[in-house]
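Here is a short walk through one protein model and its ligands. Keep the sequence and the structure in view as you read.

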Amino acid sequence: MDQRVGITITEHLLREQRESPEATGAFTYLLNELIVAAKVISREVNKAGLVDILGATGDVNIQEEQVQKLDVFANRVIIERMRHVGQLCCMGSEEMADLIEIPPQFPKGNYILLFDPLDGSSNIDVNVSIGTIFGIYKTESPDTDFDFLLSEVLQPGTKLVAAGYFIYGSSTIMVYTTGNGVHGFTLYPSIGEFLLSHPNIRIPEKGKIYSVNEGNYRYWDEKTKAMVEYFKTKDKETGRPYTSRYVGSLVADFHRNLLKGGIFMYPADLKDPKKPAGKLRLMVEANPLAMVVDQAGGYASDGHGPVLEIKPQELHQRIPLYIGSKKDVEMAEAFISEKLTL
Ligand code: AHM
Ligand code: MG
């Protein structure tokens, strides 16, 4: 067993900081504050059934989806907690159309925080795991000019300095990477601390699980249909058919496949002409999880190449996503490029 199992997230961050000669402590402070925000959200998620916090507000967000009360709460907690820490030059949230500027009364720093405050919102009301996803970029020269900031935010995932997620499930778990492996921490509610429970996570090279919303089958192109048929087809040698698992919370589906192996996909579909690239967002969902999976030995693709290498065109850009065990994602790519057919 790894000797470090049980150390607190703070100690872990400090150790990483000490190993990086140019570290100033700013980043450690930033992540620590994000962890506090996640603890507040976790507490609220856990008592969601007890108070009048479930259900929709009646508003529709910029993605034209129903806004849930907990979404609004989580978004507010992160923004209010993070805007005064002094390490950020701006933030971007799935729930907000534009970048979130740091108010003039607060100091600014070099980091950019992008987040999906509460992913899997359709599962809030039914006690299924939901989560918070985050990615952190750095800019060399922070500026207050909006256009400048947006151009700094639209960096490919290869430039992420950290990424991860919190999953509010049967326990609350934080998984993160700073480019030095992937580590998971479990929140012990009685002491209010995240303790290292999953050091150096490695995703199996090939899995046995495929995760996709198969209700969209009729909206897929023939290549996508063939790929899913492939995972369902019986073949002893390649370990097929795979098992189907789909919760409908990206964080939960991703986390399971990260630990057990497999592929999660949200392909492009013809369901909504306004969303031809599928549902998931590059900056706040795909890129952070792509960095995590990459650091764990897996792979994330948009069907044509690495997600991390996509140069974003806009803050809320959507992409098709294939993510998980390397061999399974490469198999999906082979179907999309028609190198493989059924
Ligand atoms: P959200 O961020 O508004 O919750 O939407 C993203 C979620 C993902 O968590 C999940 O993978 C996907 O939407 C599920 O979509 P669908 O219900 O179409 O299968
Ligand atoms: Mg989401």
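Begin at ligand 1, with Arg-281. A polar atom in the side chain of Arg-281 sits 3.4 Å from an oxygen atom of ligand 1. This is a predicted model, so every distance here is computed from predicted coordinates.

How much of ligand 1 does the protein bury? Taken alone, ligand 1 exposes 470 Å², and the protein buries 89% of that area. Strand S5 (111-119) and strand S13 (263-266) are the elements that each give two or more residues to the shell around ligand 1. In total, 17 residues surround ligand 1. The closest are Gly-120, Asn-213, Tyr-246, Leu-250 and Tyr-266.

Two further side chains make polar contacts with ligand 1. Lys-279 has a side-chain N or O atom 2.9 Å from an oxygen atom of ligand 1. Asp-116 has a polar side-chain atom 3.2 Å from an oxygen atom of ligand 1.

Which residues coordinate the magnesium ion (ligand 2)? The donors come from Glu-94 (OE), Asp-116 (OD), Asp-119 (OD) and Glu-285 (OE), at 1.9 to 2.8 Å.

Now turn to the aromatic rings. The whole structure holds 11 aromatic pairs. One of them joins Phe-134 and Phe-166, with ring centres 5.8 Å apart and planes at 35°, so the pair is tilted. Phe-134 belongs to strand S6 (residues 130-138) and Phe-166 to strand S7 (residues 162-168), so the pair ties together parts that are 32 residues apart in sequence.

Elsewhere, ring pairs link Tyr-210, Tyr-230, Phe-231, Tyr-242 and Phe-335 into a cluster. Arg-240 lies over the face of Tyr-230, 3.6 Å from the ring centre.

Conventions. Residues numbered from 1 in each chain as written. Chains lettered and ligands numbered in written order. Predicted model: local features only at pLDDT ≥ 70, side-chain atom pairs only at ≥ 80, totals over all residues. Heavy atoms only, no water. Donors = N, O, S within 2.8 Å, 3.2 Å for Na, K, Ca; no water. Phe/Tyr/Trp six-rings, centres within 6.5 Å; stacked < 30°, edge-to-face > 60°. Helix = DSSP H or I, 4+ residues; strand = E, 2+ residues; numbered from the N terminus. Lys NZ or Arg CZ within 6 Å of the ring centre and 35° of its normal. Near = heavy atom within 4 Å. Polar contact = N/O pair within 3.5 Å; in protein donor to acceptor, adjacent residues only side chain to side chain. Areas by Shrake-Rupley, 256 points an atom, 1.4 Å probe, with all protein chains shown as cover.
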